[in-house]
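Here is a walk through one protein chain, element by element. Have a look at the fold before reading on.

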Amino acid sequence: LNILHYIGTVVSGTGVDTFVLHLANAQRRLGIDSFIGCDGSDREEFLATARASGYPYFTFPVLDKIAPLLPQFVHTVLTILLRTAMLIFFMLRNRIDVLHVHAVALSSLEAHLASAITRIPIVVTHHATIEYIRPFWTKQNDWVLRFERWRTKLVVCPYRRAADELLELGM
C-alpha cells in the first residue's frame with residue numbers, strides 16, 4: 001500500500017509535520033510505504049528529517065516571484081492548477097493508493113481535484129478547528145468543503161471541537 005501524506009499549507013506551531021513523520025514511521029512498521037508532498041517554504045528541518053528517514057517526497061513550487069505581477073485571483077488559479085497537475089503526475093508515477101491530506105482547517109483544493117481526476121481515494125485529517133480559519137474564509141474554503149462532502153472516504157479529527165464543527169457544516 002502506497003500512501004501520499006499531503007500537507008498543502010504552512011502553519012507554524014500546529015505540529016502537523018511531526019504528526020506526519022510519526023504516522024509514516026508507524027505505517028512503515030506495518031509494511032505501508034509513505035510518501036510526502038508539501039510546500040517546502042520554511043520546512044528545511046522537516047524535509048531533512050523526511051530525507052534522512054528515507055521517505056520519498058516532493059515540494060511544489062511557490063509562485064512568489066510572479067505574484068506581484070498578477071492579480072490575486074489569477075495567481076491563486078495558476079497555483080492550484082500547477083499543484084494539481086504535479087500531484088496527479090506524482091501520484092500516478094509512484095502508484096499511490098491513498099491520498100491523505102493533513103489540513104489545517106479547510107485547505108488543499110488541489111489535492112481534492114487530483115483525487116477526483118485520478119479516482120484515488122482521499123482521507124483528510126483536520127489538525128485545527130474551523131473557528132481557527134473562519135476570519136480568513138474564502139470561496140476556496142467553500143469549494144474544499146464541497147469536495148470533502150462529495151469525495152472524502154474518511155475524515156479524522158484529533159479534536160472533538162473540530163469534529164463538531166464539521167458535523168454542523170454537513171460532513
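Predicted model: local features only at pLDDT ≥ 70, side-chain atom pairs only at ≥ 80, totals over all residues.

Residues are numbered from 1 along each chain as its sequence is written, and side-chain values use heavy atoms, with hydrogens and water left out. Helices (H or I, at least four residues) and strands (E, at least two) are DSSP runs, numbered from the N terminus.

H2 itself covers residues 44–52, and its buried residues are Phe46, Leu47 and Ala50. Because these cover an arc of only 95 degrees around the axis, they sit on the same side of H2; the arc is taken from the directions from the helix axis to the C-beta atoms. Buried here means under 20% relative accessible area, exposed means over 50%, and partly exposed is in between (1.4 Å probe, protein chains only). Turn to the other side of H2 and you find Glu44, Glu45 and Ala52 exposed. What do the buried residues of H2 pack against? Their partners are strand E1 (2–7), helix H1 (16–29), strand E2 (33–39) and strand E3 (57–60), with contact meaning heavy atoms within 4.5 Å.

## Two nonpolar cores

A nonpolar core is a set of buried Ala, Val, Leu, Ile, Met, Phe, Trp, Tyr and Cys residues joined through side-chain atoms within 4.5 Å. The largest one has 18 residues, and the members touching the most others are Leu4, Tyr6, Phe58, Leu87, Met91, Leu99 and Val101. Two or more residues each come from E1, E3, helix H3 (72–93), strand E4 (98–103), helix H4 (109–118) and strand E5 (122–126). H3 gives the largest share of this core, four residues. Apart from this core lies another, of 13 residues, including Leu21, Leu47, Ala50 and Val104.

Leucine 4 is worth a click in the viewer. Leaving aside neighbours within four places in sequence, leucine 4 is in contact with residues including Phe35, Ile36, Phe58, Leu87, Met91, Leu99 and His100.

## Buried histidines

Now for histidine 100, which is found in strand E4. Is histidine 100 buried or exposed? Histidine 100 counts as buried because its relative accessibility is 8%. Its side chain makes a polar contact with the side chain of threonine 125, at 2.7 Å. A polar contact is a pair of N or O atoms within 3.5 Å; within protein, one must be able to donate a hydrogen and the other to accept it, and residues adjacent in sequence count only if both atoms are side-chain atoms. Not counting residues up to four places away in sequence, histidine 100 touches Ile3, Leu4, His5, Tyr6, Leu23, Val123 and Thr125.

Histidine 75, in helix H3, is buried too, with a relative accessible area of 15%. With residues up to four places away in sequence set aside, histidine 75 touches Leu63, Ala67 and Leu70.

## H4 against H6

H4 and helix H6 (residues 139–151) pack at an angle of about 35 degrees, and their axes are 9 Å apart. Axes are lines fitted to C-alpha atoms, for helices over the stretch in contact, and angles run from 0 to 180 degrees between N-to-C directions. On the H4 side, the contact is made by Leu109, His112, Leu113, Ser115 and Ala116. H6 brings Gln140, Trp143, Val144, Phe147, Glu148, Trp150 and Arg151.

## Loops and a buried glutamate

Two arginines have positive phi. Arginine 95, in the loop between H3 and E4, has phi near 50 degrees and counts as exposed at 69% relative accessibility. Arginine 119 is in the loop between H4 and E5, with a positive phi of about 65 degrees and a relative accessible area of 68%, so it is exposed.

Isoleucine 32, in the loop between H1 and E2, counts as buried at 17% relative accessibility. Isoleucine 32 and asparagine 2 are 30 residues apart in sequence, and 6.2 Å apart in space, C-alpha to C-alpha. Finally, glutamate 165 in helix H7 (residues 160–168) counts as buried at 13% relative accessibility. Beyond its neighbours within four places in sequence, glutamate 165 is in contact with Thr129, Ile130 and Glu131.
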